[in-house]
Amino acid sequence: MSGPMQGSTGSQSPSEHETVGAYALGILDDAEATAFEMHLAGCEWCAQQLDELAGMEPMLAALADLPGTGTPAIGESLSARPSPRLAERLVDEVSERRAVKRRRSFFLVAAAAALIIGGPLTVLAATGGDSGTKGTEASSTKSANAAKDTFATLTDRVSATDSATKVSATVAMGEKGWGTEVGVELKNVTGPEKCSLIAVGKNGERETVSSWSVPEWGYGIANAKTEQAKNPLYVVGGAAFKTNEIDHFEVMTFDGKKLVQIDA
């Protein structure tokens, strides 16, 4: 078992730190257990190890019938003490399995982070005129240009204007191995509002391609007084649908209002 091992070599008694495994297995006598509990009250390392080794008794019971263990058969009381060598082996095994589990969890989190950062559903918005501080201006400009440039490369396009809301949208598509890359150019939408672009499949399934917030001044307003309000919004996202599986797109507000539908 890893950790600070303060006992000496040879036949001398183990240190209190090394006793945590025996305590977890319940093989200490009353005096030894009492002494260890007094030590445990002030030792953070032993408390952590004891927490990790919780549940060792069921494992001991499961292994009790293995040849050569010298332990009682399953169903007999665990008060019969296993040999110190067996106890040490079990403690080491559990510690190693927990370490492997922690490493596996770390790699899964890292893989998920990589997918979020570089995967197909990365969303970039471009307005060409969003306000920002000097410290973020270069980054905002780069993101804006990237979204607009990506939209320009997607040549399979459909457009529509809603007769009631007057919102106009052009959706551009490009088929990928993972589905469909989607870009949208949005005009004549006022804020403040929160919106999503929804891809609706021919099978009726719905997928959110991307979401964004509309500021108070809006996007793509032809008669607006400021340049940032005149500029359309560009958003890039993705859908798991293949291009030929998409029936139409909908621009929806978060409260369920449809601003425009674009047939694919």
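**Notes on the salt bridges**

1. Arg206, Glu250 and Lys258 are linked in a network of salt bridges, a salt bridge being a side-chain nitrogen of Lys or Arg within 4 Å of a carboxyl oxygen of Asp or Glu. Please bear in mind that this is a predicted model, in which local features need pLDDT of at least 70 and side-chain atom pairs count only at pLDDT 80 or more, while totals for chains, interfaces and linings use all residues. Residues are numbered from 1 along each chain as its sequence is written, and side-chain values use heavy atoms, with hydrogens and water left out.

2. Arg206 lies in strand E6 (residues 206–214) and Glu250 in strand E8 (residues 246–253), so the pair ties together parts that are 44 residues apart in sequence; strands here are DSSP runs of at least two residues (E) and helices runs of at least four (H or I), numbered from the N terminus.

3. Glu250 also forms a salt bridge with Lys258, where the closest N and O atoms are 3.6 Å apart. Glu250 is buried, with a relative accessible area of 6%, whereas Arg206 at 46% and Lys258 at 34% count as partly exposed (buried means under 20% relative accessible area, exposed over 50%, partly exposed in between, with a 1.4 Å probe and protein chains only).

4. Strand E8 runs antiparallel to strand E9 (residues 258–263), and five bridges join them, where two strands pair if DSSP finds at least two bridges between them. Met252 stands opposite Lys258 of E9. The hairpin of E8 and E9 has four residues between the strands, and Gly256 there takes a positive phi near 95°.

5. How many salt bridges does the structure hold? There are three, and one of them is formed by the side chains of Glu181 and Lys176, at 3.5 Å from N to O. Glu181 is buried at 17% relative accessible area, while Lys176 counts as partly exposed at 35%.

6. Among contacts (heavy atoms within 4.5 Å) with a separation of 6 or more in the protein chain, 57% are accounted for by residues 24 or more positions apart.
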